[in-house]
Amino acid sequence: MRTLVLNAGYEPLAVVSFKRALVLVMNDKATVIEHIPEDPVWGTDGAHDRPAVILLSRYVRVPGGRTIPVTRRGVLRRDAHRCGYCGRSASTIDHILPRSRGGADSWENLVACCLKCNNLKSDRTPQEMGWELRLTPGAPRGAQWSVRGTDRTDPSWEPYLALAA
């Protein structure tokens, strides 16, 4: 069981185990906002609500802006596993401006690509091929990207993750 931790301003901070969440609640550092009623936690002093979402009592300042690292898996997820050129199912990623021509490994230069389009395009740009991108690549936004562990969400988290998007 995992618990979504919200900052005092209701923005998602992290996903922790329900045990860690329960310790925060028992030490009065957080309050339970959503709990799982059919699955209480039993202790020596009785039953406690199993937390699904907790709210911190004090605001925690997150240092700097959270940058999302560029990964193959992230690019495929951002583009919904669809080729940026033809729209078919994608299993590889492609540099829009090839690396051999100075193209960077950045969110703006990478796109999900099917194997056929990737092989056809080779070391050329989409303009040289006469192709158009179906989407404008960019860094992903939203809580599901900046908060680790929210890619496998609990249905009770949805309203809180929607507030941050």
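**Close-up views of salt bridges and the overall chain**

**View 1. Salt bridge between R50 and D39.** With a relative accessibility of 28%, D39 counts as partly exposed. The model shown here is predicted. R50 is the partner of D39 in a salt bridge, and their closest N and O atoms lie 3.1 Å apart. D39 belongs to strand β3 (residues 30-43) and R50 to strand β4 (residues 46-56), so the bridge ties together parts that are eleven residues apart in sequence. R50 has a relative accessibility of 10%; because buried means under 20%, R50 counts as buried.

**View 2. Salt bridge between D79 and R78.** The closest N and O atoms of this pair are 2.8 Å apart. Both residues, D79 and R78, are buried.

**View 3. Salt bridge between K121 and D94.** Here the closest N and O atoms are 3.1 Å apart. The pair links distant parts of the chain, with K121 in helix α3 (residues 115-121) and D94 in strand β5 (residues 92-95), 27 residues apart. K121 and D94 are both buried.

**View 4. The chain as a whole, with six helices and six strands.** Starting at the N terminus, the elements follow the order β-β-α-β-β-α-β-β-α-α-α-α. The structure contains four salt bridges, among them the pairs R50 with D39, D79 with R78 and K121 with D94. Of the 165 residues in the chain, 38% are buried. Of the contacts between residues at least 6 apart in sequence, 59% join residues at least 24 apart. The chain has an accessible surface of about 10,000 Å², and carbon and sulfur atoms account for 51% of that surface.

Note on methods. Residues are numbered from 1 along each chain as its sequence is written. This is a predicted model: local features need pLDDT of at least 70, side-chain atom pairs count only at pLDDT 80 or more; totals for chains, interfaces and linings use all residues. Side-chain values use heavy atoms; hydrogens and water are left out. Helices (H or I, at least four residues) and strands (E, at least two) are DSSP runs, numbered from the N terminus. Buried means under 20% relative accessible area, exposed over 50%, partly exposed in between (1.4 Å probe, protein chains only). Contact means heavy atoms within 4.5 Å. Accessible areas come from the Shrake-Rupley method with a 1.4 Å probe; for residues, only the protein chains shown count as cover. A salt bridge is a side-chain nitrogen of Lys or Arg within 4 Å of a carboxyl oxygen of Asp or Glu.
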